[in-house]
Amino acid sequence: MSLLVVGLSHRSAPVSVLERASLAAGTQAALLRDTLAAEPAVEAAVLATCNRIELYADVDKFHAGVAELSTLLARHSGVGLDELTPYLYVHYEDRAVHHLFSVACGLDSMVVGEGQILGQIKDALALGQELHTAGRLLNDLFQQALRVGKRAHSETGIDRAGQSLVTFGLEQLAEGRDPGVWAKGKRALVIGAGSMSSLAAATLARTGVAEIVVANRTRARADRLVEILNQASGASVAAHAVEMATVSDELTRADVVVSCTGATGLVLSAEAVAGALGLDFDAREAPAAPVAAPPAEPDQHATWVENGSATATAQAQAVRRVTVPAQSTGPVRLALLDLAMPRDIDGDAARLDGVRLVDIESLAEASADAPMAADVDQVRTIVADEVAAFGAAQRAAHITPTVVALRTMAAGVVAGEIARLDGRLPDLDEKQRAEISQTVRRVVDKLLHAPTVRVKQLASEPGGAGYADALRELFDLDPQTVAAVSRADLNDPNRGRS
């Protein structure tokens, strides 16, 4: 079996394609189940963020695996395979390990060095564990990726090379000014209460806004986020929750809006933004506005589409702008930060007088010119070392069931010979019998120690996979015994739990 990853990201695909290919939580679960049902794969995990979708699998055939995983990504994303294929990348075995470790360290992020990806990798592992699609290989891989990412952040200054997407977005809104000075005293509206929206709210509170209003489709989640904000900030920031139905009213009082929901359509149209500012919006001057979809939690996407909105969603996606709209000039009255994928805020809102809009696409353009820190080279060295160590550990682990089966067989031989001795020398007392038994076991252990240690060392080196077969052949080990040891290790309830 071998590790394969097929995916697309902000580095390989335009934002317009990433928007359409985004996977809701329910869709991710269906994708994992279908991947395991496919013949080439025995394990699967999906890493889906606002700027990447990657499907990891343990496969027994490379070409068949690539074809099947690509087809499954296209089917579940809703983007045709012919359209999706030019943007897909494929990594195999050590290159796949190297890719995930680089992602975990923030080297492949839109903002280099950001640490949010670690939480997203942890979520991907948790989903695979919950659905039992992540087995030995992917449990080990994702657990090690988390450790490598944490090591990179603790041992290097990669944090100085970048920051969270939220912080970077606020810097873009501030247009070169100190975000703390820019945000001081402002009233912020946060739409959504998921992980990214929570991070945005916390960042706004630290930046110095005077008030934070949280709107979310599920009011209980908005209330919980507000409670956390109030506990963390004390009286320095006034935070309260509102119903989604009041967002239009809240827009009229907001200075800055951050939106990151799981909606499959727009949450804020250009008309709504214009209305909040008392401006006229002539739809004839812009492409037809997408059909607004009710904001939804990620796990509600599939239900919403199944209830008859699939056509409206497809129409909305088809007419969305695929280029960053020109920004209006003059003083900014309303700053909009759209961190959702698909986007929450109509791009045409940027053309309104007094509005500044920063979204995923404009962040990608801005980050392309961001300077790289010297620490990035150090992180790359860490990644290379960890990839080599992971490969060696996996190769060594491959032979472990064979070694265990060998020692089990040897223990059985010792037990059989001691039983025969009992029959031939029934007058031995317990002390004599125990001494003989211990001596025989020591002899067997010493005979097996050097070859088993050496075979593990040899197996950990590149090209060492054949040593397990040689060991089974030399000692005539029962293949079913070796398989039973592997299954027992794989089914260990404590294995790979985060």
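Thr35 sits in helix H2, which spans residues 25–37. The model is predicted. Thr35 counts as buried, because its relative accessibility is 0% and buried means under 20%. Beyond its neighbours within four places in sequence, Thr35 contacts Ala41, Ala44, Leu55, Ala57, Leu69 and Leu72.

Glu19 belongs to helix H1, residues 15–21. This residue is buried too, with a relative accessible area of 3%.

The table sets the two residues side by side.

| Residue | Helix | Relative accessible area |
|---|---|---|
| Glu19 | H1 (residues 15–21) | 3% |
| Thr35 | H2 (residues 25–37) | 0% |

Now the whole chain. The protein has 498 residues, and 49% of them count as buried. Its secondary structure comprises 20 helices and ten strands. Take the contacts between residues at least 6 apart in sequence: 75% of them join residues at least 24 apart.

Which residues have the most contacts inside the largest nonpolar core? They are Leu165, Ile212 and Leu339, in a core of 67 residues. Helix H9 (residues 165–174) gives the most to this core, with six residues. Leu165 touches Cys50, Met110, Val111, Gln116, Met196, Leu339, Ile360 and Leu363, leaving out residues up to four places away in sequence. Another core lies apart from the largest one and has 35 residues. Leu138, Val379, Ile382 and Phe390 are among them.

Next, a helix pair. Two packed helices are described by the angle between their axes and the distance between the axes. Helix H7 covers residues 136–155, and helix H17 covers residues 375–424. Their axes come within 10 Å and cross at roughly 155°. Angles over 145 degrees count as roughly antiparallel, so H7 and H17 are roughly antiparallel to each other. The crossing is right-handed.

Which residues make the contact between H7 and H17? From H7 come Leu137, Asp140, Leu141, Gln144, Val148, Arg151, Ala152 and Glu155. From H17 come Gln378, Val379, Ile382, Glu386, Phe390 and Gln394. By type, the contact residues divide into seven nonpolar, three polar and four charged.

Notes. Residues numbered from 1 in each chain as written. Predicted model: local features only at pLDDT ≥ 70, side-chain atom pairs only at ≥ 80, totals over all residues. Heavy atoms only, no water. Axes fitted to C-alpha atoms, helices over the stretch in contact; angles between N-to-C directions. Helix = DSSP H or I, 4+ residues; strand = E, 2+ residues; numbered from the N terminus. Parallel < 35°, antiparallel > 145°, perpendicular 65-115°, else oblique. Left-handed = near helix turned anticlockwise from the far one by under 90°. Contact = heavy atoms within 4.5 Å. Nonpolar A, V, L, I, M, F, W, Y, C, P; charged D, E, K, R; others polar. Buried < 20%, exposed > 50% of the residue type's maximum accessible area, 1.4 Å probe, protein only. Core = buried A, V, L, I, M, F, W, Y, C linked by side-chain atoms within 4.5 Å.
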